[in-house]
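Here are some notes to read alongside the model, written for someone opening a structure for the first time. Keep the 3D view open and find each residue as you go.

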Amino acid sequence: MVTEIYAHPGSGLVTDRLGNIYFVDTGSGVWKIDPAGKLTHVSTVAYHWMAIDIDGSLAKVTLPHFQTGDATVTSVGKDPTLILSSDFPVCSGPDGSLYYPWNQSGDRVQIYRLSPNGRTTVVRTLPVERAKNGEIRWRNGITISPDGSIYYSEDRAIRKITTQGELVTIIDKYGPPGCGKVEGIEAELGPYFRGLVVDIMGNVYVAATGCRSVLKITADGKVKNVLQSSGPWSPTSVAISGNDVYVLEYTHTPGDNRLEWLPRIRKISLDGTVSTIATINRH
């Protein structure tokens, strides 16, 4: 049986067309940073993952509901509407649909699409992936590229489902050099890939939470470390706005005291400069 992480900081990070940044603080809810840098607390819903429904395509749709387990999906606000998920990653696509991976009642993990007309369909059933001590039952992040392909992350791999339904491995069994220990994350998870995003050139940016780094994987397969955090901080998600890459980082501590997990947002500018634009503190 594979080790499962139930206690971990969130990886909800999205941007809108106006340059606003929204992120999840697992200890207090959702925050917004406007283009002027103003920080506003917008919700007390403190789930792990988040998608953005910019056009309100899903406003009249019943969000995923599960009869078993504690998985919950809910929405917050309007214009834009934020969709928050407790147990599995979610993302919105250019078609206005919501996408998410889930395994129903112990079945194989499948990628689902909830369309604006309220219909839920299976995009693809994923192959069985195994760790040293069992089958991998969870996926850590999901995103849609500008061309409509679906990318998702596993502990040590990133894969994509093309618009033709083909499953392609972007990177597998990868161990970044110099990867050290992060509190609360088992060493067996390796880089522990979580939130990811794809730019218009096909470059993948992914949070390698287990290595305190953000990696850029180019369309031709080259890997570059574009951000190396210092403890106790480690990235959990990434987002793109314009030419800038935004990174959600958390302080990582052992255990499940969510008030100890402090988030901050950093920006990687086009020239590679890294700056911190917001930090949440507990007083």
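1. Start with Asp79, which lies in the loop between β6 and β7. Remember as you look that this is a predicted model. Is Asp79 buried or exposed? Asp79 counts as exposed, because its relative accessibility is 73% and the cut-off for that word is over 50%. The backbone here deserves a look too: Asp79 has a positive phi of about 50 degrees, although Asp79 is not a glycine.

2. Now step along to the next peptide bond. The bond from Asp79 to Pro80 is cis, with omega near 5 degrees. Pro80 belongs to the loop between β6 (73–76) and β7. You can find another cis bond from Gly231 to Pro232, where omega is near 10 degrees. Pro232 sits in the loop between β21 (223–228) and β22 (233–241).

3. Tyr192 is in the loop between β17 and β18 (193–198). With a relative accessible area of 5%, Tyr192 is buried, whereas Asp79 is exposed.

4. Which residues touch the most other members of the largest nonpolar core? Among its 15 residues, they are Leu63, Ile83, Phe88, Val90, Leu98, Tyr100 and Trp102. Two or more residues of this core come from each of β5 (49–53), β9 (98–102) and β10 (110–114). β9 gives the most, with 3 residues. There is also a second, separate core of 13 residues, which includes Ile21, Ile33, Tyr246 and Ile265. As background, nonpolar side chains tend to be buried together in soluble globular proteins.

5. Beyond its neighbours within four places in sequence, Leu98 is in contact with several residues, including Ala51, Leu58, Leu63, Ile83, Val90 and Leu114.

6. Now look for rings. The model has 3 aromatic pairs. Phe88 and Tyr100 form one that is stacked, at 5.1 Å centre to centre and with 25 degrees between the planes. Phe88 lies in the loop between β7 (81–85) and β8 (91–92) and Tyr100 in strand β9, so this pair ties together parts that are 12 residues apart in sequence. Both Phe88 and Tyr100 are buried. Tyr100 also stacks with Tyr112, at 5.4 Å centre to centre and 15 degrees between the planes. Since Tyr112 is in strand β10 and Tyr100 in strand β9, that pair also ties together parts 12 residues apart in sequence. Ring pairs link Phe88, Tyr100, Trp102 and Tyr112 into a cluster.

7. For a contact between a charge and a ring, find Arg264. The charged end of Arg264 sits over the ring of Trp233, 4.1 Å from the ring centre.

8. The hairpin between β16 and β17 has 5 residues between the strands, and Gly165 in the turn has a positive phi of about 90 degrees.

9. Arg124, in strand β11 (residues 120–125), is partly exposed, with a relative accessible area of 27%. A polar atom of the Arg124 side chain lies 2.6 Å from the backbone oxygen of Gly165. Arg124 also touches Ile161, Glu166 and Leu167, among others. Arg124 and Leu167 are 43 residues apart in sequence, yet their C-alpha atoms are 8.9 Å apart in space.

Notes. Residues are numbered from 1 along each chain as its sequence is written. This is a predicted model: local features need pLDDT of at least 70, side-chain atom pairs count only at pLDDT 80 or more; totals for chains, interfaces and linings use all residues. Side-chain values use heavy atoms; hydrogens and water are left out. A nonpolar core is a set of buried Ala, Val, Leu, Ile, Met, Phe, Trp, Tyr and Cys residues joined through side-chain atoms within 4.5 Å. Buried means under 20% relative accessible area, exposed over 50%, partly exposed in between (1.4 Å probe, protein chains only). Helices (H or I, at least four residues) and strands (E, at least two) are DSSP runs, numbered from the N terminus. Contact means heavy atoms within 4.5 Å. Rings of Phe, Tyr and Trp (its six-membered ring) pair if their centres lie within 6.5 Å; planes under 30 degrees apart count as stacked, over 60 as edge-to-face and the rest as tilted. A charge sits over a ring if NZ of Lys or CZ of Arg is within 6 Å of the ring centre and within 35 degrees of the ring normal. Two strands pair if DSSP finds at least two bridges between them. A polar contact is a pair of N or O atoms within 3.5 Å; within protein, one must be able to donate a hydrogen and the other to accept it, and residues adjacent in sequence count only if both atoms are side-chain atoms.
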